[in-house]
Amino acid sequence: MSAEIPTGALGAPGHSVRTSRTYNQPAAYQSAPGGPLDSDRSFYDAVAAAERTLTQEFEIPVRSGHAWEVKAGSIVRINAVQGPQVGDLNLWNLHNPRERFWAARTRQLQRASMTTYDRFWSTLPHLRPMATVVGDSLADHPTPRSSTTCWGPAVIPT
């Protein structure tokens, strides 16, 4: 796996990263447009289209891990560079490590297979978005699988 923290347009030639996949299984909790669970799609489209400069890049060896700080408003892109891989993602609030990514609640509020505009939610008592997917390079994958999960690129909110 590799991770980049670019501040350039998303995607490589021939890859569609700004489209969403369609799932037959909706999220457990539904929100009306403009409701508390609905993300501001025009804002995230603008974020995805904005030009950026790469500020950090590294490769994470197979069967290992890596932690790094990401400032609010940053874009993080996670790529599988060496064949099929499974990557785990954990998020913590830099200023309050008791607030962290809550995978179970995220599956309820979004779905297990995340795509563009889906958000990673934090634990109680905070229960707020920690990051939002702004591009999905697997959106046009010919074989949609319920176990395929897109973990990036994501924008870290302020």
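Modeller: In this predicted model, a residue is termed buried under 20% relative accessible area, exposed over 50%, and partly exposed in between.

Biologist: Why is F43 called partly exposed?

Modeller: The relative accessibility of F43 is 44%.

Biologist: What makes Y44 buried rather than exposed?

Modeller: Y44 has a relative accessible area of 10%. The cut-off for buried is under 20%, and therefore Y44 is buried.

Biologist: How many aromatic pairs does a search of the whole structure find?

Modeller: The search finds 3 aromatic pairs. One of them joins F43 and Y44.

Biologist: Why is the pair of F43 and Y44 called edge-to-face?

Modeller: The ring centres of F43 and Y44 are 4.9 Å apart, and their planes stand at 75 degrees. Centres within 6.5 Å make a pair, and planes over 60 degrees apart make it edge-to-face; the pair of F43 and Y44 is therefore edge-to-face. F58 and W68 also form an edge-to-face pair, at 4.7 Å centre to centre with 70 degrees between the planes.

Biologist: Which parts does the pair of F58 and W68 tie together?

Modeller: F58 belongs to strand β2 (residues 54-59), whereas W68 sits in the loop between β2 and β3 (75-79), so the pair ties together parts that are 10 residues apart in sequence. At 15% relative accessibility F58 counts as buried, while W68, at 24%, is partly exposed.

Terms used. Residues are numbered from 1 along each chain as its sequence is written. This is a predicted model: local features need pLDDT of at least 70, side-chain atom pairs count only at pLDDT 80 or more; totals for chains, interfaces and linings use all residues. Side-chain values use heavy atoms; hydrogens and water are left out. Rings of Phe, Tyr and Trp (its six-membered ring) pair if their centres lie within 6.5 Å; planes under 30 degrees apart count as stacked, over 60 as edge-to-face and the rest as tilted. Buried means under 20% relative accessible area, exposed over 50%, partly exposed in between (1.4 Å probe, protein chains only). Helices (H or I, at least four residues) and strands (E, at least two) are DSSP runs, numbered from the N terminus.
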